[in-house]
Amino acid sequence: MTRPRRPRRRQLDPARRAAFDVLRAVSDRDAYANLVLPALLRERGITGRDAAFATELAYGASRTRGLLDAVIAKAAGRPTDRINPVLLDLLRLGTYQLLRTRVDAHAAVSTTVEQAGVEFDSARAGFVNGVLRTIAGRKPQSWIDELAPPADSDPIGHLAFTHAHPRWVAQAFADALGARAGELDALLTADDARPLVHLAARPGVLSADDLAAAVGGEVGRYSPYAVYLSGGDPGRLDAVKEGKALVQDEGSQLVARALTLAPIDEDRGRWLDLCAGPGGKTALLAAIGAQSGASVTAIEPNDRRADLVEENTRGLPVEVLRVDGREPGIEPGFDRVLVDAPCTGLGALRRRPEARWRRQPADVPALARLQRELLASAISLTRPGGVVLYATCSPHLSETVGVVADALRRHPVTALDTRPLFEGVDDLGDGPYVQLWPHRHGTDAMFAAALEVG
């Protein structure tokens, strides 16, 4: 008697397979989605609409992970930590399509169920089928209405869940917005959207107009070096491959440029980037400085990141030192010093899809201590009359105004009005510091404070 043959399961199509593999890399190896996906697309020759679809699924499912998991847990009747990790990533892939895309529900369910059968067996495929059909049986908004904290008793928690952010992150944003905390909805909406690719044309080599014409992009709003791209793989652009342009958020460009615009007497052209890796701001600083004879000392203790600094600044007047910025052992007396300090990265969550679910409130105190130590070192390395620009890609008050207030208490520095150093940028608030925002400026949420050393 012959046994009945098991039905042959269909593998995921290339776009969904790529997205699924990215989710597995993030879950299994703590990989970064924005690093894994472009390499995977190139390796597999996925282009055009398929690449765009894979990008939407991979980044979208990574970005909305907390919301997806809440819906999956409710539909499955069990917490997600009791679901096999591979099945859970498949469920996230299917659930994202059901809740956040216009993909036909039948296609979203059937492709995911088929892959569950390939990865496991019919029983597990049946489980996935049941969960996804339960989710598909209701409108997406009804899941949010049921699972989000009540808007009247916990408005920040409600917005955080709706926009797929951890509550503590939304609270940190609201605190930083201060009197304009009513903008939190707009901020979280912007933070939850896929951002444009920003390029920086290298000063003295290529203008933003010429770069925009070469890549089919649009000249940026604020930085004289910025060009916007709607999508694609910027690593394939000739200008990037030839070192004439870098992939760099416009907010980061504005921070680097701000240091060069700070008014100081007798700039002798000795500049320092105390936290240089991976070298984007260092390259922009050096390219601007080269036009007036300035050179940059770049400090980066991590060998891999120091290699990137050397690669990104090749051909520019930059010396890379692989030492700890807190005790670099170098001759003081710098005219301009940039402290782009290691931080939680809460200001760049839209560009790092999975980061919001990795960071925890417990990360902040240790980072704030490191930030204070680095800023103290920068001040000691700056000559009297020189300027330190302290910056973070985080608006968290403990990493921004808290660190600067500590420096003002402990060290011979005076806070400058930083806003004129961001000339042309509107809606910068009351000062003296600058806080950029995705919903106001279309940039990462960069903070900057200029301090004059006494």
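This note walks through a few features of the model above, point by point.

1. **Ground rules.** Please keep in mind that this is a predicted model, in which local features need pLDDT of at least 70, side-chain atom pairs count only at pLDDT 80 or more, and totals for chains, interfaces and linings use all residues. Residues are numbered from 1 along each chain as its sequence is written, and side-chain values use heavy atoms, with hydrogens and water left out.

2. The whole structure holds 42 salt bridges (a side-chain nitrogen of Lys or Arg within 4 Å of a carboxyl oxygen of Asp or Glu). One of them pairs Asp 335 with Arg 268 at 3.6 Å, N to O. Asp 335 sits in strand 8 (residues 334–340) and Arg 268 in the loop between helix 14 (250–261) and strand 5 (270–273), so this bridge ties together parts that are 67 residues apart in sequence. Helices (H or I, at least four residues) and strands (E, at least two) are DSSP runs, numbered from the N terminus. Asp 335 has a relative accessible area of 0% and is buried, while Arg 268, at 58%, is exposed. For these words the cut-offs are under 20% relative accessible area for buried, over 50% for exposed, and partly exposed in between (1.4 Å probe, protein chains only).

3. **Lys 281 and helix 15.** Which residue forms a salt bridge with Lys 281? The partner is Asp 340, with the closest N and O atoms 2.8 Å apart. Lys 281 belongs to helix 15 (residues 280–290) and Asp 340 to strand 8, so to speak distant parts of the chain, 59 residues apart. Both Lys 281 and Asp 340 are buried. Helix 15 itself is mostly covered, with ten of its eleven residues buried; among them are Gly 280, Thr 282, Leu 284 and Ile 288.

4. **A bridge between partly exposed partners.** Asp 303 and Arg 322 also meet through their side chains in a salt bridge, 3.3 Å from N to O. Asp 303 lies in helix 16 (residues 303–312) and Arg 322 in the loop between strand 7 (318–321) and strand 8, so the pair joins parts 19 residues apart in sequence. Asp 303 is partly exposed at 47% relative accessibility, and Arg 322 is partly exposed at 34%.

5. **Cysteines.** How many disulfides does a search of the whole structure find? It finds zero, a disulfide being a pair of cysteine sulfur atoms within 2.5 Å. For Cys 275, the closest cysteine sulfur is that of Cys 343, 10 Å away and too far for a bond. For Cys 393, the closest is again in Cys 343, at 5.6 Å, also too far for a bond. Cys 275 is buried at 10% relative accessible area, and Cys 393 is buried at 10% as well.

6. **Arg 16.** Arg 16 is part of helix 1 (residues 14–29) and is buried, at 9% relative accessible area. Beyond its neighbours within four places in sequence, its contacts (heavy atoms within 4.5 Å) include Phe 53, Leu 57, Gln 97 and Thr 111.

7. **Backbone points to check by eye.** Most residues other than glycine have a negative phi, and most peptide bonds are trans. Gly 277 and Pro 278 are joined by a cis peptide bond with omega about 5°, and Pro 278 lies in the loop between strand 5 and helix 15. A cis peptide bond also joins Gly 431 and Pro 432, with omega about 0°; Pro 432 is in the loop between strand 10 (413–415) and strand 11. Ala 164 has a positive phi, near 55°, in the loop between helix 9 (155–162) and helix 10, and is buried at 1% relative accessibility. Asp 427, not a glycine either, has a positive phi of about 55°; this residue is in the loop between strand 10 and strand 11 and is partly exposed at 36%.
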